[in-house]
Amino acid sequence: ERIQQEEMSVPYKDNGYYYYTRYEEGKEYPVYSRKKNLEDAEEEILLNANEMAAGCSYFHVSNFGLSISPNNKLMAFGYDTTGSYGSLKFKDLATGKWLKDEIPNTTGDPVWANDNKTVFYSIPDTLGRSFKVKKHSLGENPENDKIVFHEKDAGFDIYVYKSKSKKYIIIRSLSTLSLEYLVLNADNPSGDFKIIQPR
């Protein structure tokens with residue numbers, strides 16, 4: 001069912017901010033915003049998807065949407081303009097300017113390490129299965145991003161995310177009958193992922 005005009009999602013709180021999306025009348029895509037508190041704080045628009053979609057025949061925000069750095073100053077954003085694989089862009093929320101970093105051919109699930117400059121993300125194989133996790137440092141050439149995990153079994157699909165405590169970055173590798181978890185301390189993005197539950 002299509003969301004009603006000018007409708008706003010239920011805000012959720014994360015790391016000191018309330019995040020929500022809203023639709024402007026007559027516009028197709030959401031506006032992603034946040035407030036320090038819901039009563040009287042001024043709205044901070046993180047992303048107006050209508051502006052990004054202008055001139056695109058197809059535009060889709062990643063299922064994982066926006067990912068905010070631990071210090072609340074940077075945003076990673078997954079989007080798709082082709083109907084296949086997504087790209088990641090990064091925005092400085094203090095200045096409102098987009099960084100030069102742009103990573104194509106991802107599954108749009110950026111995860112920040114606690115240093116506020118390292119981002120982990122997964123990429124798809126030719127069949128669309130997430131099969132590698134890579135690590136990007138802001139300001140570096142994405143072509144040089146290091147592969148930190150490669151799922152070689154075609155029966156497994158991977159997903160990278162952060163623990164609720166924000167202390168760990170987790171890679172889950174899942175098949176129909178089995179799964180495996182690997183973890184990395186989010187304070188140590190240069191470290192190696194360790195298996196905590198083997199498949």
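1. A residue is called buried under 20% relative accessible area, exposed over 50%, and partly exposed in between, with a 1.4 Å probe and protein chains only. By that criterion Phe90 and Trp112 are both buried.

2. The model is predicted: local features need pLDDT of at least 70, side-chain atom pairs count only at pLDDT 80 or more, and totals for chains, interfaces and linings use all residues. Residues are numbered from 1 along each chain as its sequence is written, and side-chain values use heavy atoms, with hydrogens and water left out.

3. Strands here are DSSP runs of E with at least two residues, and helices are runs of H or I with at least four residues, numbered from the N terminus. Two strands pair if DSSP finds at least two bridges between them. An open sheet is formed by 4 strands in the order β1-β2-β3-β4, with antiparallel pairing. Because β1 (12-14) and β4 (44-48) each have a single partner strand, they stand at the edges, and one side of each is left without a neighbour in the sheet. From one strand to the next the twist averages 30 degrees; axes are lines fitted to C-alpha atoms, for helices over the stretch in contact, and angles run from 0 to 180 degrees between N-to-C directions.

4. The antiparallel pairing of β1 with β2 (residues 17-22) runs over 3 bridges. Within it, Asp14 stands opposite Tyr17 of β2.

5. Aromatic pairs number 7 in the structure. Rings of Phe, Tyr and Trp (its six-membered ring) pair if their centres lie within 6.5 Å; planes under 30 degrees apart are stacked, those over 60 are edge-to-face, and the rest are tilted. One of the pairs is Tyr12 with Tyr19, stacked at 5.7 Å centre to centre with 25 degrees between the planes. Tyr12 is partly exposed at 49% relative accessible area, whereas Tyr19 is buried at 5%. Phe90 and Trp112 form an edge-to-face pair, with 6.0 Å between centres and 85 degrees between planes. This pair links distant parts of the chain, 22 residues apart: Phe90 belongs to β7 (residues 86-92) and Trp112 to β9 (residues 111-112).

6. Ring pairs also join Tyr12, Tyr17 and Tyr19 into a cluster. Arg34 lies over the face of Tyr17, at 3.9 Å from the ring centre. A charge sits over a ring if NZ of Lys or CZ of Arg is within 6 Å of the ring centre and within 35 degrees of the ring normal. Lys89 has its charged end over the ring of Trp98, 5.2 Å from the centre.

7. Two non-glycine residues deserve a backbone check. Asn72 has a positive phi near 70 degrees; this residue lies in the loop between β5 (60-68) and β6 (74-80) and is buried at 13% relative accessible area. Lys166 also has a positive phi, near 70 degrees. Lys166 lies in the loop between β13 (157-162) and β14 (168-174) and is partly exposed at 40%.

8. Arg199 lies in the segment after β16 (194-197) and is partly exposed, with a relative accessible area of 40%. Contact means heavy atoms within 4.5 Å. Leaving aside neighbours within four places in sequence, the contacts of Arg199 include Phe149, Asp153, Phe156 and Leu179.
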